[in-house]
Each structure stands twice: as structure tokens, then as C-alpha cells.
Amino acid sequence: MKTEIPMYREEKKVYDLERIEALIEESGGLAKTKDITDLGVDYRRLQQFVADGELTKIKNGYYSEKKGKISEERLIYAMFHQDGVLTMESALYYHGYLKQRPFGWSIAIDKNASKSRFNLDYPVVTPYYTKSEVLALGVETLEKPGFEMKIYDRDRLICDVLKYQEKISKAEFQEGVFNYIRDDRKNIEHLMTYAEERQVKKKVQTMIGVWL
């Protein structure tokens with residue numbers, strides 16, 4: 001009968017970490033506590049991996065690889081690609097209207113979505129709760145290597161930036177609006193349609209119309 005050779009403490013620790021990382025990879029960037037403990041990993045060891053910086057706690061019950069090993073984009077995709085839409089500063093950045101990537105993430109989500117989804121330790125996410133019919137207005141798909149998300153098109157986006165002007169810094173607001181005005185790809189007809197829907201027509205006329 002073959003006898004298994006027991007692993008030393010450090011060997012077992014490395015073995016457990018490798019299995020957790022493999023699980024996270026297979027799960028698209030996030031793994032649940034139960035799935036990790038089902039591997040036979042002790043919960044106290046899991047917490048130690050977090051304390052040592054080997055793993056990152058995203059929110060209660062969810063873990064990912066250590067910071068720097070997995071991108072924030074991948075985490076955002078894992079958590080919100082099905083029903084979230086990039087908006088405000090995040091969308092301004094990916095449309096090329098902001099040079100500096102914002103510190104946090106702005107995600108439009110259905111107003112009936114669970115608020116607990118945004119109780120995150122990392123990354124920083126600001127939700128914009130929206131009616132379902134409004135949420136779907138002007139949505140397109142952002143595709144870049146390793147990252148695919150729903151995002152508002154530039155004309156819908158700028159209407160939201162005007163609508164929620166007080167929630168964005170003055171510098172980012174000015175940079176975003178100015179670069180939209182300069183963008184040859186903007187569609188004024190779409191802009192005015194969205195402005196009507198988002199109830200910012202007067203703002204569009206006074207703040208953007210004079211430059212068109």
C-alpha cells in the first residue's frame with residue numbers, strides 16, 4: 001500500500017495559494033469563500049493570505065489575486081459586465097475625454113439592483129442607480145484587450161455629465177465637456193434627443209450650443 005508523504009507547513013501554504021489562484025483564474029477573477037474552503041483550505045489560512053497581501057478581499061465573501069497581479073479592469077468586468085454601464089468619469093476616460101484615469105469607477109446600474117454589491121473593499125466604485133428604460137439608453141460596447149464593458153455613447157454620456165455636474169470635479173467636468181465639443185465624432189442630433197430624455201436640454205443649449 002502506497003503511503004502519502006505529508007507536506008511541510010510552508011509547502012502546504014504554497015500549495016493552498018496556488019490552488020486558490022487557479023480557482024480565481026477559472027472563475028473569471030473572483031472566487032467565493034465557500035468555493036475556496038471547499039478546496040480544503042482553512043478559513044484562517046485564507047485570512048492570513050489576505051493579511052500578508054497574497055490575496056485581495058474584494059468584499060464580504062469574495063476574493064481575488066493580490067493587488068498588482070490582477071487589473072482593476074478585470075475586477076470591474078467580473079463584477080459588473082452583465083448589467084453595469086460605464087458612465088461619468090470612467091466613460092469620459094475611455095472615450096478619450098480625460099487624460100488621467102480616474103481614481104475610482106462610475107457604474108450605472110438598475111435602481112433595483114442590490115445595494116450590497118457596492119460594499120466593496122476594493123476597487124472604489126460609485127453607483128448611479130437608474131430606471132431600467134433610462135439605463136439602456138445610448139449603450140454601446142467598449143472593447144479593448146482583456147476588457148469588455150457596456151459604456152454610454154459620447155452623446156448620451158455628455159448629457160449625464162451635465163445632469164450630474166455637481167458629482168464630478170470642476171477640472172474633470174471642464175476637460176470632458178471641452179474635449180467632447182472638439183470631437184468630430186459627436187452627433188448633434190443624437191445629443192439633442194438624449195438631452196430631451198435626460199431633461200438637460202437647456203443646459204446643452206447654454207453650455208454646449210454656443211460652441212457648436
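**Entry 1: helices**

Before looking at helix packing I note how axes are drawn: they are lines fitted to C-alpha atoms, for helices over the stretch in contact, and the angles between N-to-C directions run from 0 to 180 degrees. Helices (H or I, at least four residues) and strands (E, at least two) are DSSP runs, numbered from the N terminus.

A reminder to myself: this is a predicted model, where local features need pLDDT of at least 70 and side-chain atom pairs count only at pLDDT 80 or more, while totals for chains, interfaces and linings use all residues. Residues are numbered from 1 along each chain as its sequence is written, and side-chain values use heavy atoms, with hydrogens and water left out.

I started with helix α7 (residues 154-163) and helix α9 (residues 188-197), whose axes come within 8 Å and cross at roughly 40°. That makes α7 and α9 oblique to each other, since angles under 35 degrees count as roughly parallel, over 145 as roughly antiparallel, 65 to 115 as roughly perpendicular and the rest as oblique.

Next I checked the hand: the crossing of α7 and α9 is right-handed. For the record, a crossing is left-handed if the near helix is turned anticlockwise from the far one by less than a right angle, and right-handed if clockwise. On the α7 side, Asp155, Arg156, Ile158 and Cys159 make the contact (heavy atoms within 4.5 Å). On the α9 side I found His190, Leu191, Tyr194 and Ala195.

Then I turned to α7 and α8, which pack at an angle of about 145° with their axes 11 Å apart. Their crossing is left-handed. Here α7 uses Arg154, Asp155, Ile158, Val161 and Leu162, and α8 uses Phe173, Gly176, Val177 and Tyr180.

While at α8 (residues 170-182), I picked out Glu172, which sits in that helix. Leaving aside neighbours within four places in sequence, I see Glu172 in contact with Glu89, Leu92, Leu98 and Pro102. Ala22, by contrast, is 150 residues from Glu172 in sequence and 39 Å from it in space, C-alpha to C-alpha.

**Entry 2: rings**

My search of the whole structure for aromatic pairs turned up eight. The rule: rings of Phe, Tyr and Trp (its six-membered ring) pair if their centres lie within 6.5 Å; planes under 30 degrees apart count as stacked, over 60 as edge-to-face and the rest as tilted.

How are Phe80 and Phe118 arranged? They are stacked, because their ring centres are 5.2 Å apart and their planes lie at 15°. This pair links distant parts of the chain, 38 residues apart: Phe80 is in helix α4 (residues 72-80), and Phe118 is in the loop between β5 (105-110) and β6 (125-130).

I followed Phe118 on to Tyr129, and that pair is edge-to-face, at 5.9 Å centre to centre with 80° between the planes. Tyr129 belongs to strand β6, 11 residues from Phe118.

Phe118 comes out at 11%, while Tyr129 is partly exposed at 31%.

Elsewhere, ring pairs join Tyr93, Tyr94, Trp105 and Phe147 into a cluster.

I also looked for charges over rings (NZ of Lys or CZ of Arg within 6 Å of the ring centre and within 35 degrees of the ring normal). Lys115 lies over the face of Tyr129, 4.5 Å from the ring centre. Lys67 has its charged end over the ring of Tyr122, 4.6 Å from the centre.

**Entry 3: loop and backbone**

Tyr122 came up again: a cis peptide bond joins it to Pro123, with omega about -10°. Pro123 is in the loop between β5 and β6.

Leu120 is in that loop too, and is buried at 16% relative accessibility. Beyond residues up to four places away in sequence, Leu120 touches Ile58, Lys59, Met79, Phe80 and Val125.

In helix α5 (residues 88-94) I noted Ser90, buried at 2%.

Met88 is buried at 0%.

Gln199 has a positive phi too, near 60°. I place Gln199 in the loop between α9 and α10 (201-208), where it is exposed at 69%.

Terms used
Buried < 20%, exposed > 50% of the residue type's maximum accessible area, 1.4 Å probe, protein only.
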